[in-house]
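Please examine the sequence and the structure shown below.

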Amino acid sequence: MRRLLRLVCVVAAGVICIEFPVRAQQKAAPAAKTDAQMGGFSGPIKVVMTTREMSGGEWRQPDGPGLVLPAGCDYCEFAPDGSFTKAGQFQGGNFRGTLTSYDRDAKGRIVRQRDVDAETAALMREVVFGPFGKTEETHYRNGKVDYRMQIWYDANGRETDFESWDGKEVELGRSHTVYGKGKDWIERDSWGKGVLEARQTWNAETKVETFTTFDEAGAVKLAWTIKDKKIVEFRENSPSPNQYGDSWFDPDDPNNQSKTVCQSDGKCEHFVIHYEYLDSARWNATSVEWRDSAGKVLYGAYYEYEMDAHGNWTHRKVFVTGPEQAERKLYEEDARTVVYWER
């Protein structure tokens, strides 16, 4: 079963629309990871500083999962519990980024987070947390609400509803997820500005999954049906390239991410993005390869690391290959200084 997709539009710096998977079988109150752990760090991290050097040259991968994984944290500071307190970068000797503070309950759990601009002290973002995770998030610009979102959960900690609004309280988008008697979701609908945009269904017994998108008049734009992870039907009624839903991912295997791209004539191409890791936590990839359905490597990114005693890398080289670049060439070189809290 594929994880659900949500299309979120961020308007803080122009309009950027991002498609990302939503955890479909969310369990109640999992052991939360700290910000440092979410960033792939281990040990009592205090400060991380990263510099990058690009080697130049032409190299471009297909649209889809990035093969060159980001180094992360130009400059980050963490509290002893692993929470972010400062994140950004230095430009001309001046720090530009955010300063983060938290409100906690009697048990020390974070219930509210505030991010302010490091230069102006203006409030940029405020997040409210409940027992199952984030429940509200508000972004500000020039002292006014830019956009906000809210998330609802059921008694089992599974996300049921999501809604977002602009600064004038006009709805940007919303979604609703229905769950069956078991752990699986069975239907999820998404709306944009009050209009139904997409519907996705899953039948755990028959292993059939469907996905449909609609135009403003309610006519079908794109539809597909998958049974046992195989495409049995695909139709696209609009000539627009790269439509929402014409590619998808199957994350069941963490080392192999499937990507299928279908065209308006119904013909589909199948690819696998294969990952190898240095560590069991799968934070530090040693290789990421874009392979066709026959297993031939079309594009690749390969990593070399120098690690410290805590298992964090301090130096990283990234080499790439492609259809016109059979030999590996150095694409990026990163250096990282890591400072730890004393314990």
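E187 has a relative accessibility of 27% and therefore counts as partly exposed, a class that lies between buried (under 20% relative accessible area) and exposed (over 50%), as found with a 1.4 Å probe and protein chains only. The side chain of E187 meets that of R199 in a salt bridge, with 3.5 Å from N to O. A salt bridge is here a side-chain nitrogen of Lys or Arg within 4 Å of a carboxyl oxygen of Asp or Glu. Because E187 belongs to strand β13 (residues 185-192) and R199 to strand β14 (residues 195-203), the pair ties together parts that are twelve residues apart in sequence. R199 is likewise partly exposed, because its relative accessibility is 33%.

The model is predicted: local features need pLDDT of at least 70 and side-chain atom pairs count only at pLDDT 80 or more, whereas totals for chains, interfaces and linings use all residues. Residues are numbered from 1 along each chain as its sequence is written, and side-chain values use heavy atoms, with hydrogens and water left out.

**Salt bridges**

Side chains of opposite charge can pair when their charged atoms come close. How many salt bridges does a search of the whole structure find? The search finds 21. Three of them are listed here.

| Pair | Closest N to O |
|---|---|
| R96 and E119 | 3.6 Å |

R96 forms its salt bridge with E119. Since R96 lies in strand β6 (residues 94-104) and E119 in the loop between β7 (110-117) and β8 (123-130), this pair ties together parts that are 23 residues apart in sequence. R96 counts as partly exposed because its relative accessibility is 42%.

**The chain as a whole**

The secondary structure comes to one helix and 24 strands. These elements are DSSP runs numbered from the N terminus: helices are H or I with at least four residues, and strands are E with at least two. Of the 343 residues of the chain, 36% count as buried. The accessible surface comes to about 19300 Å², of which 50% belongs to carbon and sulfur atoms; such areas come from the Shrake-Rupley method with a 1.4 Å probe, and for residues only the protein chains shown count as cover.

**The largest nonpolar core**

A nonpolar core is a set of buried Ala, Val, Leu, Ile, Met, Phe, Trp, Tyr and Cys residues joined through side-chain atoms within 4.5 Å. The largest such core has 17 residues, and those with the most contacts inside it are W59, L67, I273, V288, W290, A301 and Y303. Two or more residues each come from β20, β21 (285-292), β22 (297-307) and β23 (313-322). Which element gives the largest share of this core? It is β22, with four residues.

Y303 is in contact (heavy atoms within 4.5 Å) with several residues beyond its neighbours within four places in sequence, among them L67, V288 and V318.

Strands pair if DSSP finds at least two bridges between them. β20 and β21 pair in the antiparallel sense over seven bridges, and Y275 has V288 of β21 as its bridge partner. β21 and β22 are also antiparallel, with five bridges, and W290 stands opposite Y299 in β22. The hairpin of β21 and β22 has four residues between the strands, and G295 takes a positive phi near 95° there.

**Other positions**

T225 is placed in strand β16 (residues 220-227). T225 counts as buried because its relative accessibility is 17%. Leaving out residues up to four places away in sequence, T225 touches residues including V208, T210 and I231.

Q263 is found in the loop between β19 (256-262) and β20 (268-277). Is Q263 buried or partly exposed? Q263 counts as partly exposed because its relative accessibility is 41%. Beyond residues up to four places away in sequence, Q263 touches F234 and E236.
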